[in-house]
Amino acid sequence: MIENRYHPAEVEPRIYKAWEDAGAFRAGRPERAKAQPYCIVIPPPNVTGSLHMGHALNNTLQDILCRFERMRGKDVLWQPGTDHAGIATQAVVERQLMERQQPSSRAMGREAFIKRVWEWKAESGDTIIRQLKRLGASCDWSRERFTMDEGLSRAVVKVFVALYRAGLIYKDKRLVNWDPSLKTAISDLEVHQVETRGQLWHIKYPIEGSGGFVVVATTRPETMLGDVAVAVHPENEKLRHLIGKTAVLPLVGRRMPIIADTYADPEKGTGAVKITPAHDFNDFEVGRRHNLRLVNIFDDEAALDLKDNADFLEGVPPSAQLDRTLALHGFDRLAARKKIVERLEAAGLIDKIEQTLHVVPQGDRSGAVLEPFLTDQWYVEAKTMARPAIEAVRERKTVFVPPQWEATFFNWMENIQPWCISRQIWWGHQIPAWYGPDGKIFVAETEDDVVAEALAHYTDIEEISPDEGDDIASDPERRARFARDYLHRDDDVLDTWFSSALWPFSTLGWPDHTPELKRYYPTSALVTGFDIIFFWVARMMMMGLHFMQQERPGAALEKVVPFHTVYIHALVRDAAGAKMSKSKGNVIDPLEMIDEYGADALRFTLAAMAAQGRDIKLSAQRVEGYRNFATKLWNAARFAEINGCAHDPDFSAHEAKETLNRWIIHETAKAGREVTAAIEAYKFNEAAGAIYRFVWNVYCDWYLELVKPVLTGPDGAAKKETRAAAAWALDEILRLLHPFMPFVTEELWRVSAERGPQRRHLLALDTWPSHDGLDDEAAEAEIGWVVDLITAIRSVRVEMNIPAATPLPLVLAGASPQTVERTRRWSEFVQRLARLSDISFADAVPKGALQLVVRGDVAALPLAGIIDLAAERARLTKELAKCDADIARVEQKLNNADFVKRAPEDVVEGEREKRDEALARKQKIIEALQRLKESE
RNA sequence: GGGCGGUUAGCUCAGUGGGAGAGCACUUCCUUGACAUGGAAGGGGUCACAGGUUCAAAUCCUGUACCGCCCA
C-alpha cells in the first residue's frame, strides 16, 4: 500500500542497499556478457573532499548516462575512485597536527608523516564515497580505486620511466613558479594572475663616471638586490645613448651593463628596465639572450638570502652600504621591500612613486604570492605529447560537447609549455630517480634495476671494484643499503595530476593486460567541468594516446584516445550568480538539500538546469519545486493504486481499444522519444523538461482526470483496459524518469507491484522503453477536441465570473455530425471537468447565451438574464480583434508573391490552413455578436 | 592585448530560419475523494542596440554597448 506521503530520508538508504545487495551496478554481470560495453571513469574526487554542488552536478549527469545506458541493456562500468590530492591532503593533515599540537611533519620525518596520512585516509577518506552514494551514484564500488593504490602506483612508475627513456621527461634548472608558503614548485596551471592595486617605484640608478642616473620603474624594489643589468630599447631615442655604459646598483655597489633589448618597451614606465634574471620570467629570457649572471637573493621561503651568497657578493667591493644591506639577511620579502625603499628614499634615489594596477601571481591552493624561483625540477615535454592529442580532436576521434570547448582546448594545447611535475612535498608518488655521488641519474621501475644500472656504471668507471659490485648485487640487503646510502633517491613526489592523467587506463588494470582494459577501453564518455580541461582532460589525452594502442585486424597498432566524448558542464553558482565559496558564505550544501528535499529533487534540479554552455544559478527554491514534482508523481501512483490500476500481463499497448488509452499511449511514446533523443544529445535539461511536462501536464492533469469516470464507473472491458493502461503508462514514466530520480521511481516500481505480478528486475536493471508503432493521430485529434472544449468552458466561466460551484447547461448549436458523435461519446467526461449540468443540441443558439467557438463548432451556455450582455460583447469583440490580427498577419505573408514562390510548399500550405481556420472562426464570432445584438 | 560566452516576462532561464515559451513570483477563484508540496483561469515581453542577408530573423552575418569567464 502506498503511504500518503513520500519520505525520501526513509526510502533512499533502503533503496540504495537493495541496489547494492543485488549487485545492480556491477560491471560484467553474466547476463550482459554479450552486451555492448559502456564505460565512464569518474573524475576522482579528492580524498580530503566532501561533496559540494559541483560534485553533485558532475555525478548526477554521469549517473543519468550510466543508468540510461544500463537500462538500454549495455554492460555499464562506472569506474569510481578517489585522488590522493598531494598538496591538498598534505595540508589537511599538517593542519590537523598543528591543531592537536602534535609534532609537525618536519619534526616527525618523512616516513612517519606518510604513515600518518595513510591513517587519516583510512579514517575519513571514504566520506566522499558515502556522500556519492547518498546522491544515488550507480558506480561499481567493487572496483573502487585510489591514485596511490599499489596497482596505480605501478602504472605511474612505468609511465615515468618510459617517458624518461623516450626523452619526454627530463630534469632542468630554470625558473619555476614557487610557492614560498608550501615550499614547493607548482605548474603554470596552478598559478592565478590576480589583478592587484600596487605601487610603481621609479628608482634612480647612478651611471658610472657621469654623475647622471638611469631611472627604472618596478613594482618589486626588493628584487633589485638581484639585478645584473639595465635594459633599454635599441630604438629608444631618449635613452639609447646610455647603451654600453655601466650602472651601479644602489645599496649594493654591483656594476651592471646597460644593454640593448627590445623587451624594454619605450612606452612603459621610464623606458629603462632593471633586469633580474633569477626573479622574473621575462628577465630570465633577457638574461639568457645576453648571457647574464643569475643572482638568486631569496631562500625557499622568499626571505632574503644574502650572507655567504657567492652569487650576490661576486664582484661587489666591500662597503658600508653593502654591510647595511647584508644586515637585511633573513628579512621576508615584504619587510625587505619596506627597508629598501626607506634607504633609497634617504639616499634621494626614489624619483617618484605611482599608484598602479598590476597582476600578481598567486598559488591556487595556498593563495600565497608566488616567486619565480630558480630550481632543479622534472618536466614533461608537453609540446611533443600534445601533438597527437590535437590531431585526435581535429579528426574527431574525441568530440567535445558542447563543441565550443574545442577552441579552448586547441588554444592551450598549441601553446603548451613544459609541464613541471616535481613537487617538494611528501604525500604522493615519489619520483623513481636515484642520484649517484657523481650526480649521475638512474631511473628505473624497481630499486633492484636501479642498483644494477648503478653498479654497472660505477664499476665501469672504476669507482667500485667488480668484486664489490658482485657482492652488492648478490645480496638483497646490501642492494637496499647501496640504494639508500651510496645512491640517493630523489626526495620529490609527482604532481597529483600526473597520476590522474593515467586514470582511464590505470583504473582498468594497466600495465597488466586485463580483460577490463580490453573490454572497457577506450571509455565512452567523460563528464567534467571546464575548469579542469587543461589540468586533466588534456593530460589524459596525451598520456592515453602515448601509451594505449589497439589492435586492429590486418592493420598496424593504432593509438587510441581515452574517451570518445568529453561532455563539459557548467559551474554551479548561487542564486545571484556568484561563485559559491565558504568565505562568501553562499554555499548551498548538497547534503542539506538531500536531507531536506531528497536526493531525487536535487538531482532533477541539476539536470533540469544543465543547459549546455550556461552556468547554473541554483537556489533552494528550485529544489523545492522539483521535490513537489516527486510528490506529484507519488500521488499519481497512489491514485492508480487506489483505483486498482495494476500491471496486467494481458495488456498490450498495441492493442488498446479505448480512445483515452490509445491517446495516453500515443503521448507516452512521444515523450519517450523526446527523453531518449535528449539524453543521447547530452541535453539533460531538455530530457528533464520532456518527462516533467509529460508526467504533470499530460498524465496527471488530463489523463488521470479524464479516466476518473471510467475508473469509478461500472466494471467491464473498458474499465479493465483503462486500469491496465494507466498502470502501463505509469510504468513507462517510472522507466523514463529513473535516470533522473532513481530513488522514488525504484520505490514506486516496488510498491506498485505489491498487488500485481512480481517484477522481474529492479527498475535499475529493467529495460528502457521503446515505443515503436504506438502513434495514434486519430486519438490525439479526438482528445484534443475534448481538451479544447473543456478549456474553453473553464476559461469563459472565470472570465464571466460564474462561480465554480454553479453547474451550467451546454447547448451545441448547429453541430456537425462529427461533433454530435464526439459529444455523445465524451459528454460524461466534459460534464465532469467543465462542471456542466447537462449537454444538449439545438439548431440555433438560444437567446442571451454565452457563445464559444471551439474548433469550428459553436458551444453556447444559455444564461439569459444572468450574464452581463455588455461584458459578453466586450469579450467577443476582443476575440474578434485577436482573430483579425491573426488573419492580417497570415494574409500579409500569403499576399507576398515571393513567399508563395520561394517558401517550402508545406509552409505555404500551413499558412493557407491557418488563414482558412481563422476566417471560419471569424465568421462564427461575427454571427455570435449578431445574435447577441438580437437578444438585447 | 587575445579568445570564448551572455544580454528573451518582475526574477532565474529554455528556445539553431516559418504562429514568443517554462519554472518561480503576481492576480482572481476553488477544502471538486490522488496530490493545497494541490487544482482552474489570467495579467505580463520593441527577444540589448544599429545595420545586413533572406520570401521570412529571438535564431544567420557585421558592428556597437554592457556583463561574465579563460588565457597572456
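The following questions and answers walk through selected places in a predicted model.

Visitor: What is the average pLDDT of chain A?
Guide: Because the model is predicted, local features need pLDDT of at least 70 and side-chain atom pairs count only at pLDDT 80 or more, while totals for chains, interfaces and linings use all residues. Residues are numbered from 1 along each chain as its sequence is written, chains are lettered from A and ligands numbered from 1 in the order in which they are written, and side-chain values use heavy atoms, with hydrogens and water left out. With pLDDT being the predictor's confidence in each residue, from 0 to 100, 98% of the residues in chain A score at least 70, and the average is 88.

Visitor: Is Glu69 buried or exposed?
Guide: Glu69 sits in helix 2, residues 53–71, where helices (H or I, at least four residues) and strands (E, at least two) are DSSP runs, numbered from the N terminus. Buried means under 20% relative accessible area, exposed over 50% and partly exposed in between, with a 1.4 Å probe and protein chains only. Because the relative accessibility of Glu69 is 7%, the residue counts as buried.

Visitor: Which residues does Glu69 touch, not counting residues up to four places away in sequence?
Guide: Contact here means heavy atoms within 4.5 Å. When residues up to four places away in sequence are not counted, the residues that Glu69 touches are Tyr38, Lys74 and Val76.

Visitor: How are helix 26 and helix 27 oriented to each other?
Guide: Axes are lines fitted to C-alpha atoms, for helices over the stretch in contact, and angles run from 0 to 180 degrees between N-to-C directions. Helix 26 (residues 717–737) packs against helix 27 (residues 742–751) at an angle of about 150°, and their axes are 9 Å apart. Angles under 35 degrees count as roughly parallel, over 145 as roughly antiparallel, 65 to 115 as roughly perpendicular and the rest as oblique, and therefore helix 26 and helix 27 are roughly antiparallel.

Visitor: Which residues in helix 27 meet helix 26?
Guide: From the side of helix 26, the residues taking part are Asp731, Leu734, Arg735 and Leu737. Their partners in helix 27 are Thr745, Leu748 and Trp749.

Visitor: Where is Pro402, which a cis peptide bond joins to Val401?
Guide: Most residues other than glycine have a negative phi, and most peptide bonds are trans. The bond between Val401 and Pro402, however, is cis, with omega about -5°. Pro402 is in the loop between strand 15 (399–401) and helix 13 (405–413).

Visitor: What is omega for the peptide bond from Trp510 to Pro511?
Guide: Pro511 is found in the loop between helix 18 (503–506) and helix 19 (515–520). The bond that leads from Trp510 to Pro511 is cis, and its omega is near 10°.

Visitor: What is the phi of Tyr682?
Guide: Tyr682 belongs to the loop between helix 24 (659–680) and helix 25 (684–712), and it is buried, with a relative accessible area of 12%. Tyr682 is a residue other than glycine with a positive phi, and that value is near 60°.

Visitor: What distance separates the C-alpha atoms of Tyr164 and Glu782?
Guide: Tyr164 lies in helix 7, residues 150–165, and it is partly exposed, with a relative accessible area of 25%. Glu782 is among the residues that Thr659 touches, not counting residues up to four places away in sequence. Along the chain, Tyr164 and Glu782 are 618 residues apart, and their C-alpha atoms are separated by 74 Å.
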